[in-house]
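I'd like to walk you through one chain, starting from its inside and ending at a single side chain.

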Amino acid sequence: ERLVFVVLCARIHVHVTLSSTAATAHRPPTKTVHMTFDEFMSTAHAAEHASLQSDHWYLQLRTKGTSEWIYEDLKEWRPQFNFWFGDPTANQGIDCRFGARGISASNHYDGGRNFIAMLRGKKRYIIAPPTECPNMHLFPQSHPEARHSMGDWANLDYKQYPNYLKVKLVCACVVRYSCFCTGSCAHCFASFVRAINVVLS
């Protein structure tokens with residue numbers, strides 16, 4: 001009940017996936033805005049009928065930082081030694097993500113292992129093992145978009161990024177009540193419908 005109350009009453013951090021999913025030196029793929037939950041839901045409903053090329057919105061609540069209050073309702077998410085947390089001190093927090101149809105993430109890798117539980121909707125994940133990173137056309141470590149591929153994976157330009165043709169990929173569709181682990185793999189995703197998922201990292 002507190003989780004619902006706080007989300008409905010507070011101004012929340014909402015991420016905007018901009019119309020181009022490619023991370024470029026001039027325009028990052030997302031930005032953060034603040035709005036009420038009702039305002040967010042209005043944008044999520046509008047996305048059902050919007051062009052996939054338009055900007056899209058998703059809500060992300062993280063247990064480390066401004067949304068640590070989530071633990072008050074979901075005590076089982078507290079890091080403690082068990083099957084999910086081999087080393088609780090290394091836990092980077094848990095994300096609750098509420099996304100609209102058409103939300104996508106540019107191809108990237110994360111510093112930790114991600115475990116995704118899909119509570120509603122479905123997403124397509126495209127993953128590649130770490131050995132494929134040399135072919136991913138990643139930004140250099142000094143770049144603001146380090147860990148991300150340069151190209152737009154929704155519209156790949158093989159002439160500009162020819163090594164993409166060499167990448168060995170696996171595609172997985174994660175549906176309601178299913179779980180998926182990206183491990184240390186490079187990955188990107190796209191939501192087919194409105195989706196709610198939890199990410200342990």
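Let's begin with the largest nonpolar core, which has 28 residues; Phe-40, Leu-61, Ile-70, Trp-77, Tyr-125 and Phe-180 are the ones that touch the most other members. At least two core residues come from each of β2 (30–36), α2 (37–47), β3 (56–62), α3 (70–73), β4 (94–99), β6 (114–120), β7 and β8. The biggest giver is α2, with 4 residues. There is also a second, separate core of 9 residues, and Tyr-164, Val-167, Ala-186 and Cys-188 are among them. Please keep in mind that this is a predicted model.

Now, which residues does Phe-180 touch, leaving aside those up to four places away in sequence? They are Asn-114, Phe-115, Ile-116, Tyr-125, Ile-127, Ala-172 and Val-174.

Let's zoom out for a moment. The chain has 3 helices and 11 strands, and from the N terminus the order reads α-β-β-α-β-α-β-β-β-β-β-β-β-β. Of contacts with a separation of 6 or more, 76% are between residues 24 or more positions apart. Of the 201 residues, 46% are buried. For the surface folks, the accessible area of the chain is about 11100 Å², with 57% of that belonging to carbon and sulfur atoms.

Last stop: His-148, in the loop between β7 (122–128) and β8 (170–175). Is His-148 buried or exposed? With a relative accessible area of 12%, His-148 falls under the 20% cut-off, so it counts as buried. A polar atom of the His-148 side chain sits 3.4 Å from the backbone oxygen of Ala-146.

Technical notes. Residues numbered from 1 in each chain as written. Predicted model: local features only at pLDDT ≥ 70, side-chain atom pairs only at ≥ 80, totals over all residues. Heavy atoms only, no water. Buried < 20%, exposed > 50% of the residue type's maximum accessible area, 1.4 Å probe, protein only. Polar contact = N/O pair within 3.5 Å; in protein donor to acceptor, adjacent residues only side chain to side chain. Contact = heavy atoms within 4.5 Å. Areas by Shrake-Rupley, 256 points an atom, 1.4 Å probe, with all protein chains shown as cover. Core = buried A, V, L, I, M, F, W, Y, C linked by side-chain atoms within 4.5 Å.
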